[in-house]
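Here are some notes to read beside the model. Please keep the sequence and the structure open while going through the points.

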Amino acid sequence: MRQPEPMNAVAELRLFLDFAVPLCGADIAYKLRQWGHSREQAENWLRGEAERAGGSLGENGDVLQFSDGRPRSGRAQDRVVRTASELARGVAAAALLAQLEGKRGVEAFGGFYGVPAGPAEVDTARVQDGEDGAVGDAARGTCPVRKPAA
C-alpha cells in the first residue's frame with residue numbers, strides 16, 4: 001500500500017499558520033498587557049516583531065517553500081522550525097498592529113488573520129476598541145484568527 005503524497009508546501013504553511021497565528025497572537029497580547037506598555041510602545045514593539053519576521057522569511061523562506069519531502073534533522077530542522085515560528089509570530093504581530101491602527105487584521109498567504117467580522121461589521125474595517133484598545137481585546141479572546149473558508 002502506498003503512502004499518500006504529502007501536501008504541497010503552501011498548503012502545509014497555511015495549515016500551520018491557521019494553528020500557530022492565533023496562539024502567537026494570544027501570547028503576544030498577554031505579554032503586552034503584562035508589560036504595561038503604552039500604545040506607542042506596543043505599536044513599536046509589534047512593528048519590530050513583524051519586521052524581524054519579514055527579515056527571517058527573506059533570509060530563510062526557501063526552506064519553507066522548497067523541500068524534497070525528506071525528514072530533516074539537526075541544523076536543517078532547526079532552521080525550518082525557527083523560520084516557521086518567527087513567521088507565525090510576525091503575522092500575529094502584524095494582525096495586532098493592524099487592530100491597533102483601527103483595522104480588523106491582515107491578509108497573509110491567502111488567509112485573513114485578525115478579528116473576525118460579526119454580522120453587523122461585515123462591511124466595516126474598524127475594530128471596536130475597548131478600554132485597553134485592540135491589544136486588550138485580543139487578550140480577552142478575540143486574538144488573530146483566520147477567517148474560515150466559505
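1. Glu-51 counts as exposed, because its relative accessibility is 55% and exposed means over 50% relative accessible area, buried under 20%, and partly exposed in between (1.4 Å probe, protein chains only). Glu-51 is part of helix α2. Its C-alpha atom is 10.0 Å from that of Leu-87, a residue 36 positions away along the chain.

2. A word on the basis of these values. This is a predicted model, in which local features need pLDDT of at least 70 and side-chain atom pairs count only at pLDDT 80 or more, while totals for chains, interfaces and linings use all residues. Residues are numbered from 1 along each chain as its sequence is written, and side-chain values use heavy atoms, with hydrogens and water left out.

3. The chain has four helices and three strands, in the order α-α-α-β-β-α-β along the sequence. Helices (H or I, at least four residues) and strands (E, at least two) are DSSP runs, numbered from the N terminus.

4. Helix α2 (residues 39–65) and helix α3 (residues 74–100) have axes that come within 7 Å and cross at roughly 145°. Axes are lines fitted to C-alpha atoms, for helices over the stretch in contact, and the angles run from 0 to 180 degrees between N-to-C directions. The contact of α2 with α3 involves 16 nonpolar, four polar and ten charged residues. Here Ala, Val, Leu, Ile, Met, Phe, Trp, Tyr, Cys and Pro count as nonpolar, Asp, Glu, Lys and Arg as charged, and the others, Gly among them, as polar.

5. How many aromatic pairs does a search of the whole structure find? It finds one. Trp-35 and Trp-45 have ring centres 5.2 Å apart and planes at 80°, so the pair is edge-to-face. Rings of Phe, Tyr and Trp (its six-membered ring) pair if their centres lie within 6.5 Å; planes under 30 degrees apart are stacked, over 60 edge-to-face, and the rest tilted. The pair ties together parts ten residues apart in sequence, because Trp-35 lies in helix α1 (residues 9–35) and Trp-45 in helix α2.

6. For the chain as a whole, buried residues make up 36% of the 150 residues. Of the contacts (heavy atoms within 4.5 Å) with a separation of 6 or more, 66% are between residues 24 or more positions apart.
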